[in-house]
Amino acid sequence: MIDVTNPKIRVALQGLRLITAVLLSLLLFGCAEPTNHSRAAFVLMDISDSYAAERDQARRLTNYLLSQLDTGDSLAVGFIDNSSFTERNIVAQVTFDERPSVASQQKRVFQRRVTGFMENFQTPSYHSDITGGVLLARDYLEQVDAGEKHLFLLSDLHEDVPPRLERDMKLNLSDVQVVAINVKRQRSDNENPQEYEQRLASWEKRVEENGGRWAMVNNMERLEKRGVLR
Amino acid sequence: MFTDMLTIWSASPALSLAIWLVIIITLLYAGRPHAHQLLRSTGRAIHGTLRVASGSIRQLEERVIKRNNDVLLAQGREEAENAIEREFVRVNTIVERDLSQYPVLHRKLTETLDRIESDYHNSIENKPLPPAWQEVMDTIKNLPSSGDPAVANILENIKEVVENSHEQTLKAYQDDTNERHGILKSMRPEWRSLNQNMQKVQQTITGLEDSAKTIDRRMDEYESMRKGENKAVNALTSSSLTQFFISSLVLTIAAFGGIINFHLIAMPMAEMVGGNSYIGSMPTSDIAALVIIMVEITMGLFLLEALQVTKLFPVIRNLDDRMRKYMGIAALTILVIFAGIESSLAYMRDLLALDREALAGSLAGAEAAESQFRWIPSIGQMMLGFILPFALAFVGIPLESFMHSLRTVLGLVALGVLRTLRVTLRLIGGFSNHLSKMLVNLYDVFIMVPLSIERMVKSRLDARAPQQREPEVTEQAPEATEAKEGEKRKPGKAAKSQRRRKETDESELAEAELPLTTGEA
């Protein structure tokens, strides 16, 4: 029979209770479903005739994303041209290492690669296959399996798909936030502003019908204020 | 709906309303005794129930007060015992250190006094100048010179010889005096030594006297606590509250120190445990940093416990001296190792911050600026990383005070809550009682017309049969006389019973009115 009045036994019992409580807490922590805290972003820039001049916006956006993303996050930059659903359309992609120092090095390399692409760019594309680019980005975002998925679309949203390409399909953008940035107005939009609004509305509808969330930020400075990637 | 009901008796709303009023007042008048009974009994029931509840809380309050006092006095007694023990240890130290050398000091004093006495005796053995010399000189000087040159010459020679002898004697006297002065002069260091020794003795005795006074004061306090006097309880409560606020303040400062420490090591911790793993919603690196700080605090607690500065863990306190020493060394070693780790982490943090700064600059397109004195914050962070663990290690002292005083504070808070609850219950009970009385009166206000009629009828009936009431009064008279006599016999009891009777009469009067039926009215 245990003598509970003995101080040593009482202390031992208290210790046992404490250990049991700690173990139970750890067990509860372990049983809880792990939350995915990682983020993934895909920057899709249009290099067609009408938008190629806005390349600097893509560089600024990439730098902003590099400063916001941290260890374990993923980032990729791709471009929209005549046919966008190919691996060659990805300029750079990276998943940052768990160590902050290594992640910093990866960011430097990534930045150099994107800057190199911008500097070496010469000929704009004739067509702009936006759907192909979105499909490419969607595949990448699905592949990295992040908790938050963002697709940044730098384009005038004027799709001009070559006749040989079949792009009438579902995008399947579930859990992806599509952010249209710097949607430039075309000359025809000046003549008929309704066209511009219709274009935006059709893309918004298309994204939301495919399970995605739509946002539009025309000014880069507002991106931070809107709390994207926070 | 309301309009339909209103015009049920007549098309004219005024007439219909009047009919409704008559019906309602009649019904209210008919139900008056039961309504009064309902209102009063409800009011009394609430009042009684809450009074009983308040009484129970009062008892609980007294128990809490007693328990608080017991705890306070027990703590105070323990503190007083420790303080008295400390004072005795001090006295023992003084006695062992200073008074153990007292025989040596006594011998020194005796020797010094002997030497002084001997010197003093030597200094007073001074040979006085023979007074006859002056007379001889005067006699020779006054001798008449008879004109004989030989006699004059002889006298002159005698005078010279006498003067020479006088000078020699005077010189010898002066030399002797100088010698005595020299002896007296040599006494000065002895006096000084004596003075110093006496001062030492005085200091020792004064220290002992102070300790004795402190012990007396502590003993008085202890006695007061043992008797459980209110003065002691109040003093202990006040002291406990002061301790609580001071220790809370120090713990808050320590918490801020912990936060700074956390920020110093959380970022570089990501390099060690990875920046992308989470436990729950918290990054593992943050938890690792917190664990390091907690372990440091724990080691500090163990170290203070091993040094017997705090008394938080009876297990450590009950260990033998050798084991406690080993434990203290182990805790200190771990603390030093952790301080070293923190220092290096702080340096790594500085490097990472520099790297991030450079990266942010390059991303923003700005040129990296060369800073000349960048090493100063690096060294500062390293030092902070090394010192903060030791500073946090001392958190055990305020923690112990906080834990001890928390018991008193919680007791006082519980007491305050109980008192507030008791007062609230009493207020609600009293208010219910008065509200029921108010509602009874309000009820009568609604039916004042039939009540007035009732009063008029009553008065007429009374006026018609005055003769029937007189014998009743006469019958009641002897009882009243007896009561008066009884009151005269026991004035104190009578006053009490009168008061009680008055209260009972009031309630009975109220209750007596209750069974009044409409027929009786």
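Reader: Which residue of β4(A) is the bridge partner of Met45(A)?

Author: The model is predicted, with local features requiring pLDDT of at least 70 and side-chain atom pairs pLDDT 80 or more, while totals for chains, interfaces and linings use all residues. Residues are numbered from 1 along each chain as its sequence is written, chains are lettered from A and ligands numbered from 1 in the order in which they are written, and side-chain values use heavy atoms, without hydrogens and water. Strands β1 (residues 39-46) and β4 (residues 148-154) of chain A run parallel and are joined by seven bridges. Within β4(A), Met45(A) has as its bridge partner Leu154(A).

Reader: Which strands are the edge strands of the sheet in chain A?

Author: Strands (E, at least two residues) and helices (H or I, at least four) are DSSP runs numbered from the N terminus, and strands pair if DSSP finds at least two bridges between them. The open sheet of chain A has mixed pairing and six strands in the order β3-β2-β1-β4-β5-β6. Pairing on one side only marks the edge strands of chain A, β3 (90-95) and β6 (213-217).

Reader: Are α3(B) and α7(B) roughly parallel or roughly perpendicular to each other?

Author: Helix α3 (residues 32-97) and helix α7 (residues 230-273) of chain B pack with axes 10 Å apart, at an angle of about 80°. Axes are lines fitted to C-alpha atoms over the stretch in contact (heavy atoms within 4.5 Å), and angles between N-to-C directions run from 0 to 180 degrees. Angles under 35 degrees count as roughly parallel, over 145 as roughly antiparallel, 65 to 115 as roughly perpendicular and the rest as oblique. The two helices, α3(B) and α7(B), are therefore roughly perpendicular.
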